[in-house]
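Please keep the sequence and the model in view while reading.

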Amino acid sequence: MDQRVTCCVTGGGPAGMMLGVLLARAGVKVCVLEKHADFFRDFRGDTIHPSTLRMMEELGWLDEFLKLPHQEVQRLSMQFGDTRVEMADFSHLPITTKFIALMPQWDFLNFLAEKGRTYPGFDLKMSTEATGLVYDGDRVTGVTSKSPSGPLTIKADLVIAADGRNSTLRAAAGFVPENFGAPMDVMWFRLPRLPTDAADVAGRFEGGHIFIMIPRGDYWQCAYIIPKGGDAATRAAGLEAFRKSVGALLPFDPARANDIPDWDHVKLLTVAVDRLKTWSKPGFLCIGDAAHAMSPIGGVGVNLAVQDAVAAANRLWQPLKEGDLQMSDLRVIQSRRTFPTVATQRLQLAIQNSVISKALKATGPLKPPGFVRLVETFPFLSRFTARVLGLGFRPEHIAQHIRASNGR
């Protein structure tokens, strides 16, 4: 079975959904393929940064969006030994939304899906997995996929891979990312949160241990940082040893770590930092994690992906609608998004090497690194770190035409 659209986007994550919705709003006929039956995936990136919230505002959706269950965080702190420092204060950002919204990613994606369905050119196919590319000579002209009703080929003027760090279509296009390495992986789990607990995101660094706590309503989403490849050894040491290690890092009763019921409730996130040298070829473009996998440091991956989508929509809506797409249009997107991607990754790599790696290797008391001591001495610097985290190095704005469009 074949179908024809102007643009086919593979991957129903933040980048793919945002791009699909924006193109459809601009009047482009677009199909988004999502291989799962729903968006429910635990321990996905749940931080909606101020830059993304501002996009919701530009589209006129902010008030409705913030009616979804979420928590608002204005400050981020880090603790090294007995020293606690407020590292980011978002309350001074020069925008309306001076906070990070902590929201389950499935709620964010369902919200975008509902908005997309209001536009006649938007088609979201769930349980439909992209399997390969269709070519006419050296130009990509479509996607092959598996759907509930059988094989499906979607022909398109442009195919966009937004299917994550293990992108099927990126591999099908022959693109191989450059891997920059990471010294750690992350074990995700939940602990109950009491009304008397703190409300801010906090990170704790001790000799050989790093622990992050993110408030999520009645529970804490916890990240226990381990050396790269250390998952098997941690599990082999036993659940009791893990609970004990976690309990020693908690800012409240260590016994609450006993609420980790079993290993099935501890999920592994394998950390990778990589980037494509070339994001596009005729008829094909990679964005989001398919173009650049980010470290979880700062929780910025979702928001970098969304900004890729906005930059792509701003550039592509008109040539797609007019049937005049050129390779230069695709190259411009990579050119525009390379600086914020590289700058963010270099910052993450510097933190990995100067903070994460040293903390995991340390055996004694841990002192704050130089940049943390600087923020402790000059607290106003927390406004600068908040701006970098909250808005990024090149924040995007949705083009006026897309804001004013109604999908036709």
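Which residues does Asp197 touch, not counting residues up to four places away in sequence? With those sequence neighbours left aside, Asp197 touches Pro192, Trp220, Phe252 and Arg256. The model described here is a predicted one.

Asp197 is found in the loop between strand 13 (184-192) and strand 14. The relative accessible area of Asp197 is 11%, which falls under the 20% limit for a buried residue. Asp197 and Pro251 are 54 residues apart along the chain, and their C-alpha atoms are separated by 9.0 Å.

Strand 14 contains Glu206. Glu206 is also buried, with a relative accessible area of 17%. Leaving out residues up to four places away in sequence, Glu206 touches Gly81, Leu249, Ala359 and Leu366.

## The second largest pocket

The volume of the second largest pocket is about 190 Å³. Its lining consists of 15 residues, and those nearest the centre of the pocket are Gln79, Arg84, Ala202, Met213 and Pro251. Strand 14 (201-206) and strand 15 (209-216) are the elements that give two or more residues to this lining.

Sorted by class, the lining of the second largest pocket has nine nonpolar residues, two polar residues and four charged residues.

## The hairpin of strands 5 and 6

Strand 5 (residues 75-80) and strand 6 (residues 83-89) run antiparallel and are joined by six bridges. Within this pairing, Ser77 has Glu86 in strand 6 as its bridge partner. Two residues lie between the strands of the hairpin, and Gly81 takes a positive phi near 60° there.

Strands of a sheet pair through backbone hydrogen bonds, either parallel or antiparallel. Strand 4 pairs with strand 7 (residues 100-102) over three bridges in the antiparallel sense. Glu72 has Ala101 in strand 7 as its bridge partner.

Another open sheet of three strands has the order 12-18-21, and its pairing is antiparallel. Strand 12 (178-179) and strand 21 (292-293) each have a single partner strand, so one side of each is left without a neighbour in the sheet. Two bridges hold the antiparallel pairing of strand 12 with strand 18 (residues 274-275). The bridge partner of Glu178 in strand 18 is Arg275.

How many of the nine residues of helix 2 are buried? Eight of the nine residues of helix 2 (residues 50-58) are buried, so this helix is largely enclosed by the rest of the structure. The buried residues of helix 2 are Pro50, Ser51, Thr52, Leu53, Arg54, Met55, Met56 and Glu58. After helix 2 comes Gly60, whose phi is positive, near 80°.

The largest nonpolar core has 77 residues. Met56, Phe284 and Leu316 touch the most other members of this core. Helix 8 (residues 301-322) provides the largest share of the core, 10 residues. Not counting residues up to four places away in sequence, Leu316 touches Leu158, Ile160, Leu285, Leu325, Asp329, Leu330 and Ile333. Another core of 34 residues lies apart from the largest one; among its members are Leu76, Met78, Ile95 and Val186.

Ser127 is found in the loop between strand 8 (122-125) and strand 9 (129-136). The phi of Ser127 is near 55°, which is a positive value in a residue other than glycine. With a relative accessibility of 27%, Ser127 counts as partly exposed.

Gly150 lies in strand 11 (residues 150-161). Is Gly150 buried or exposed? At 19% relative accessibility, Gly150 counts as buried. Gly150 and Thr128 are 22 residues apart in sequence, with a C-alpha to C-alpha distance of 9.4 Å.

Terms used. Residues are numbered from 1 along each chain as its sequence is written. This is a predicted model: local features need pLDDT of at least 70, side-chain atom pairs count only at pLDDT 80 or more; totals for chains, interfaces and linings use all residues. Side-chain values use heavy atoms; hydrogens and water are left out. Two strands pair if DSSP finds at least two bridges between them. Helices (H or I, at least four residues) and strands (E, at least two) are DSSP runs, numbered from the N terminus. Buried means under 20% relative accessible area, exposed over 50%, partly exposed in between (1.4 Å probe, protein chains only). On a 1 Å grid over the protein atoms alone, a cavity is a set of points where a 1.4 Å probe fits but cannot get out, and a pocket is an open set with protein on both sides within 12 Å along at least five of seven lines; lining residues have an atom within 4 Å of a point. Grid points are joined across faces, edges and corners, and a volume is the space filled by probe spheres set on the points. Ala, Val, Leu, Ile, Met, Phe, Trp, Tyr, Cys and Pro count as nonpolar, Asp, Glu, Lys and Arg as charged, and the others, Gly among them, as polar. A nonpolar core is a set of buried Ala, Val, Leu, Ile, Met, Phe, Trp, Tyr and Cys residues joined through side-chain atoms within 4.5 Å. Contact means heavy atoms within 4.5 Å.
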